[in-house]
Amino acid sequence: MPDKTKPIAITGIGMITALGRGVAENWTRLQNGNSGIHLIERFSTEGLRTKIAGSVDFMGEDPLTIPSHSYSMADAVVDEAMGQAGFAGNGAFPGDLFLAAPPIEHDWATREKLSAQVHMGPKSYYSDHGPYEAAPRELFDHHRDFMNGTISDRIAEKHGITGSPITLTTACASGATTIQLGVESVRRGEAPVALCVGTDGSINEETLIRFALLSALSTKNDPPEQAAKPFSANRDGFVMAEGAAALVLEDAEHAKARGAEILAYVYGIGEAADTFHRTRSHPDGEAIIRSISGAINDAGLSPADVGYINAHGTGTQENDKMECFGIANVYGDAARRVAVSSNKSMIGHSLTAAGAVEAAFSVMTLRDGILPPTINYDEPDPAIDIDVVPNEKRAQQVEFVLSNSFGFGGQNVSLVLGHADA
Amino acid sequence: MNREVCITGYGLISPLGETPEAWWSLLNDPSATAGLVESDAYAPFHVVPVGDYDLASQVPKRGDQRAMEPMMQYGTYAAGLALEMAGLKDDEDLLGETHLVVAAGGGERDWELDQQILAELPGHNDRGAFLNQQLADGLRPTLFLAQLPNLFAGNISLIHKVSGSSRTFMGEESAGVDALRIAASRIRAGQVDICLVGAGYNGSRPDMMFTYHAGNILLTGDMTPLWQRPDAGIVPGSAGAFLVLESRERAVARGVQVRAVLGDVKSGRSHRREGAAVANARQQFGSLHPGIRKGEVGILSGASGFGPVTGEEKSFLKEIAGELGGAPVRGTAQACGHSMDAAFLQNMVLAVSMLERGAICAPLADAPLETAANDVPVSQYLVTSWGHLTGEAMALVEKADA
């Protein structure tokens with residue numbers, strides 16, 4: 001009999017961010033308040049106001065495209081999580097795959113290269129290099145590489161997942177949505193496990209310029225590591241970043257029966273669609289409040305039980321103001337006693353991956369009793385009256401963590417994670 | 001908990017028009033559907049475009065209309081039709097508990113800008129600076145929002161005030177199937193009561209043709225029948241297709257008409273090596289088989305037309321049609337093109353509308369597979385989808401009072 005609200009165990013996590021490869025390295029550097037933000041070297045930033053990012057530059061793909069980069073990070077974090085959960089090498093993962101990935105498009109180098117090879121005829125586009133010709137056979141795999149479903153299909157093939165793998169996007173809430181789908185699947189009893197992955201390797205000239213045109217990005221390029229200033233009065237936007245994280249979710253009884261270590265639990269999930277504006281929250285914070293309180297209610301808790309919030313905390317004026325407004329509204333008098341910090345102050349905003357990355361960091365907070373700091377917090381914003389764990393990590397045991405993820409298009413998702421022994 | 005999932009609303013804008021009467025009439029008139037094909041605009045490729053429709057009747061604000069390109073416009077339009085039929089439109093309380101699950105890919109690029117850049121980029125002596133300047137000056141901020149796949153759902157939330165939640169699946173044909181599968185599973189298990197499920201696709205897009213033509217999968221030359229195409233056999237179509245799903249209890253409680261009942265939705269993947277897709281589809285058919293009523297079932301296939309895959313699917317469909325006593329099969333891509341992410345949900349809508357008539361349309365393609373309809377009223381449809389690259393799926397949908 002499916003239990004609509006039962007907690008779901010987490011038995012494996014894997015992570016890559018601009019801070020490094022693997023959970024251990026990332027967690028150490030995050031606790032130390034290290035920044036992964038640096039000057040962009042992947043492409044020329046000449047003429048652009050933003051010249052910094054938290055790009056992941058150590059995976060070694062050639063050529064580096066949105067799908068190749070997003071796949072190689074996803075592949076690595078899935079291997080790490082499956083290894084920890086004890087599913088690596090089994091060849092038949094007994095659950096579904098939910099994978100958040102950026103929308104796949106040709107990058108300019110690919111578009112330029114292909115237009116020389118693909119002859120579409122005089123009335124068609126991108127190529128006017130003569131009459132129509134059938135595309136060379138060797139480009140068939142290239143076509144496959146640039147389909148939205150291919151990253152998850154390859155991960156599914158490698159790990160013997162036979163159910164249809166789901167590739168999803170809820171913009172900057174995507175990583176959290178994968179966990180939500182995984183929790184729902186295990187609660188329904190469809191499978192004892194679910195593999196939830198967020199990956200984003202989409203930094204190139206065009207994606208950077210698109211966000212810049214929406215005035216969403218910080219332009220404080222010098223020094224790069226001080227640009228991301230969530231909750232500060234002088235915050236001026238987010239810093240684009242890349243990364244990936246994977247979580248193996250599992251029915252707790254199933255995990256115990258096979259002797260797997262339970263790292264933490266997902267206790268509650270909440271979501272809400274905001275119908276106000278394409279990029280802004282409703283000024284009354286209704287959907288943010290509904291998302292946060294939905295997750296806390298689903299966990300069967302009250303706000304005072306949840307002592308730490310891993311914030312969405314992007315560092316834009318709008319997000320941080322509205323997120324804190326939402327927290328204050330849900331927590332009431334208890335808002336002063338909850339600690340709230342933003343991983344993005346150090347790793348930037350890994351967009352599609354962020355929700356999964358931050359859930360994985362939340363697992364480490366629960367395990368080690370360490371709240372990671374919000375760095376670059378030098379000018380408090382009087383409108384944001386909360387404890388942001390400024391600049392230094394804090395040793396503090398917490399039973400439950402709330403992790404928020406909000407995105408363009410009115411997307412709001414909140415997760416409540418709890419201690420393995422809770 | 002295993003609740004019954006009912007379909008209480010549907011909406012579809014496609015090359016076949018936007019009303020059940022128009023769909024039925026065109027699906028029964030092969031010469032009229034042949035006339036829908038546009039072979040000049042993107043020669044040597046063919047497309048089947050959506051004709052004129054009154055977007056303003058579902059999206060009244062000019063600002064909202066301008067914030068979207070065709071794919072999102074088709075989606076918000078079809079979603080509005082479905083909400084209207086289900087009696088949800090403008091009912092803020094019900095829309096507040098309506099959960100959106102959609103399938104969409106990236107939105108249209110500004111291909112004129114792309115073209116202009118590509119004309120100068122190769123061999124440019126200051127490539128990086130040139131590209132940055134062209135993009136920074138040429139890209140419209142609003143276009144970016146029209147390109148984000150999740151803004152397909154975002155616009156539906158915003159324009160129709162669907163505020164329960166919003167999830168967007170990507171991944172071509174399978175994304176549409178999985179949107180329906182996940183929404184139905186949530187309702188069946190009692191996790192939610194009402195879902196708005198849909199997809200959108202615009203095939204009249206030069207940027208996507210460039211992507212597809214690299215794979216050599218688009219039909220060129222004559223419009224050969226769907227089941228007889230060579231490797232390069234896809235004719236892109238366009239569609240916005242939406243269904244309102246809800247639990248039987250909820251539909252009864254609010255007194256809304258049930259249009260059809262959704263059975264199991266099976267969706268899986270195979271590595272597509274020799275025989276793997278058929279084996280997967282065979283297993284799906286086996287698990288649906290006990291619920292299928294021989295002699296009353298029609299089969300709607302979402303076969304893309306991409307030769308090798310469609311060839312395999314054709315043999316499989318021939319086999320199961322035979323096992324079901326000669327069930328009639330229709331490949332809708334023959335009539336309205338292949339609308340990728342939206343193909344399966346488009347076929348679900350067509351199936352529900354034909355169930356309301358208790359019938360199946362005349363054969364669409366000249367092929368032995370598409371036998372004439374038998375005399376028994378059709379009370380069930382098996383709707384199948386084989387992705388052009390990956391994913392095999394099958395769903396059963398039945399007449400409301402069957």
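Me: Starting point: helices (H or I, at least four residues) and strands (E, at least two) are DSSP runs, numbered from the N terminus. Where is Pro44(B) found, then?
Reply: Pro44(B) sits in the loop between helix 2 (30-34) and helix 3 (62-66) of chain B. Keep in mind that this is a predicted model.

Me: What kind of peptide bond joins Ala43(B) and Pro44(B), cis or trans?
Reply: Cis. Its omega is about 10°.

Me: And in chain A, which is the peptide bond from Asp62(A) to Pro63(A), cis or trans?
Reply: That one is cis too, with omega near 0°. Pro63(A) falls in the loop between strand 4 (52-53) and helix 2 (66-85) of chain A.

Me: Backbone torsions next. What is phi of Phe231(A)?
Reply: Near 70°. That is a positive value, and the residue is not glycine. Phe231(A) is in the loop between helix 7 (205-213) and strand 8 (243-250) of chain A.

Me: On to helix packing. At what angle do the axes of helix 6 and helix 12 of chain A cross?
Reply: Roughly 70°. The axes of helix 6 (residues 174-188) and helix 12 (residues 354-368) come within 4 Å. Angles of 65 to 115 degrees count as roughly perpendicular, and these two helices are therefore roughly perpendicular to each other.

Me: Which residues meet there, between helix 6 and helix 12 of chain A?
Reply: Helix 6 of chain A brings Gly175(A), Ala176(A) and Ile179(A). Helix 12 of chain A brings Gly355(A), Ala356(A) and Ala359(A). By class, the contact of these helices has four nonpolar residues, two polar and no charged.

Me: How far apart are the axes of helix 9 and helix 10 of chain A?
Reply: 9 Å. Helix 9 (residues 286-298) and helix 10 (residues 317-331) pack at an angle of about 50°. That makes helix 9 of chain A oblique to helix 10 of chain A.

Me: Is the crossing of helix 9 past helix 10 of chain A left-handed or right-handed?
Reply: Right-handed. From helix 9 of chain A, the residues in contact are Ile288(A), Ile289(A), Ile292(A), Ser293(A) and Ile296(A). Their partners in helix 10 of chain A include Met322(A), Glu323(A), Gly326(A) and Ile327(A). This contact of helix 9 with helix 10 of chain A counts eight nonpolar, three polar and one charged residues.

Me: Switching to domains. How is chain A divided?
Reply: Into domain 1 (8-105 + 146-414) and domain 2 (110-144). Their C-alpha centres are 37 Å apart.

Me: How many residues of domain 1 of chain A are in contact with domain 2 of chain A?
Reply: Five, facing five residues of domain 2 of chain A. The buried area between these domains is about 480 Å², and carbon and sulfur atoms give 50% of it. On the domain 1 side of chain A, Phe146(A), Met147(A) and Thr150(A) supply 70% of the area buried against domain 2, more than any other three residues.

Me: How is chain B divided?
Reply: Into domain 1 (5-110 + 142-253), domain 2 (111-141) and domain 3 (263-399). The C-alpha centres of domain 1 and domain 3 of chain B lie 19 Å apart.

Me: What area is buried between domain 1 and domain 3 of chain B?
Reply: About 4,400 Å², with 70% from carbon and sulfur atoms. There, 54 residues of domain 1 of chain B contact 55 residues of domain 3 of chain B.

Technical notes:
Residues are numbered from 1 along each chain as its sequence is written. Chains are lettered from A and ligands numbered from 1 in the order in which they are written. This is a predicted model: local features need pLDDT of at least 70, side-chain atom pairs count only at pLDDT 80 or more; totals for chains, interfaces and linings use all residues. Side-chain values use heavy atoms; hydrogens and water are left out. Axes are lines fitted to C-alpha atoms, for helices over the stretch in contact, and angles run from 0 to 180 degrees between N-to-C directions. Angles under 35 degrees count as roughly parallel, over 145 as roughly antiparallel, 65 to 115 as roughly perpendicular and the rest as oblique. Contact means heavy atoms within 4.5 Å. Ala, Val, Leu, Ile, Met, Phe, Trp, Tyr, Cys and Pro count as nonpolar, Asp, Glu, Lys and Arg as charged, and the others, Gly among them, as polar. A crossing is left-handed if the near helix is turned anticlockwise from the far one by less than a right angle, and right-handed if clockwise. Domain bounds come from an automatic or database domain assignment. Buried area is the accessible area (1.4 Å probe) that two parts lose on being put together, summed over both.
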